[in-house]
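Here are my notes on this model, point by point. Have the structure open while you read.

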Amino acid sequence: MMACFMDLRAGSFHPPTLEVLAPLGITAKLLEIGIPVHRWQLRDRIDGVIGTFELTLLSDETPYPYRLHLEQHKLTPLVLGMLEVLPHAEVRFSHRVTAVSQNASGVVVEAQGPGGLETFEGSWIIGADGGGSVVRKSAGIEFGGFTYPERFALISTPYDLAKHGFSDTAYISHPIEWCAVFRLPDHGPPGLWRFLYGCRPEESEDEALSDEVVEARLQSVVPRSGRYETMHRTIYRVHQRVAETFRNGRMLLAGDAAHLNNPIGGFGLNSGLHDAMNLTDKLVRVYSGLLDESALDQYVRQRRTANVEFVQELSIRNNARLKRSIPKIRRKRLDDMRIASTDPVQAKEVLMRSSMIASMRRASAIA
């Protein structure tokens, strides 16, 4: 029996992700259990709602003109079930890769499992093993970027913010008390609302997640007479990094092993899935002799460019927009977004980027 890892960090599927997963039958399964989100709000602590962006403006660009909110830990069992019926697929749990090497004809992977050290051999390896990727380190690939000085807290509550006028995704701007809120299905209506915010530098982890501090932070967003019930509390460091390349010979990188970004905008899970679909499409054809290995360099050009020009740039901008402190600049940015939300042309431009449609098209155009 597999225990499900209840990771709170990812929970939003953007339109291009639903598009690339649809041929596998995954999107249909996700739509059965997820929450379609047709709009998102930008708010300010003082001014309230700055603007509402309607994803229906993307109806002529994608068959999925919405975000789909669903916990990542519900995607994983779906994919596992599909793999289990494939005779050539094998899934190993409780194995930790310790070393990877390559030669002209293949790769060798050493992994520590329940029964001791095991060795696996293959033609290629895809390192999708997270920010601390052993595959990336074994390939000698640099992972440039930075770590945010503040830690991020993620708190979930069953209290329904919709009764206070919140859309299922809302970003709240403030130099210090910025916050993002979004609703996930949990086990049924009204679901769970997640609060994402930055912790104060002087707080220890225990203090930041204490009843008193969490209650104060949630009350500051939506004051209410009773106390908030919380279902999950977690705190973590956030990074902005991109590997210098996603390939060294027969060793390839995808997902968090190749790039990390802050969670504002929901780009991490989605860009990782975009990597996976792009890379496996090319690698299958290389392995079958239908393409030469240069197709894998095209993968690097396409996906690394998308991450540098869109995912990294936009996630950094989103973070800065929410907590910008210089009053004049802060006011200008909020006014720009207010105007954009009321102009269908400008609003669509914002949505093309925030939905990741623009980044997918940019990647696909790279030869």
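1. First, a word on burial: a residue is called buried under 20% relative accessible area, exposed over 50%, and partly exposed in between (1.4 Å probe, protein chains only). This is a predicted model, so local features need pLDDT of at least 70 and side-chain atom pairs count only at pLDDT 80 or more, while totals for chains, interfaces and linings use all residues. Numbering starts from 1 along each chain as its sequence is written, and side-chain values use heavy atoms, leaving out hydrogens and water.

2. On to the rings. Phe, Tyr and Trp (its six-membered ring) pair if their centres lie within 6.5 Å; planes under 30 degrees apart are stacked, over 60 edge-to-face, and the rest tilted. By that rule the structure holds nine aromatic pairs. Take Trp40 and Phe53: their ring centres are 4.5 Å apart and their planes sit at 20 degrees, so this pair is stacked. It links distant parts of the chain, with Trp40 in strand β3 (residues 39-44) and Phe53 in strand β4 (residues 48-54), 13 residues apart. Strands (E, at least two residues) and helices (H or I, at least four) are DSSP runs numbered from the N terminus. Trp40 is buried at 7% relative accessible area, and Phe53 is buried at 0%.

3. Now Tyr159 and Tyr228, whose ring centres are 5.4 Å apart with planes at 80 degrees, so the pair is edge-to-face. Here the partners are 69 residues apart: Tyr159 is in the loop between β11 (152-157) and β12 (169-173), Tyr228 in the loop between α6 (211-221) and β15 (232-236). Both tyrosines, Tyr159 and Tyr228, are buried.

4. There's also an aromatic cluster, made up of Phe146, Tyr148, Phe152 and Trp178.

5. Pro189 and Pro190 are joined by a cis peptide bond, with omega about 0 degrees. Asp186 lies in the loop between β13 and β14 too, and its phi is near 55 degrees, a positive value in a residue other than glycine. Asp186 is partly exposed, at 24% relative accessibility.

6. Which residue has a positive phi of about 75 degrees although it is not a glycine? That's Met356, in the loop between α10 (344-354) and α11 (357-364). Met356 is buried, with a relative accessible area of 2%.
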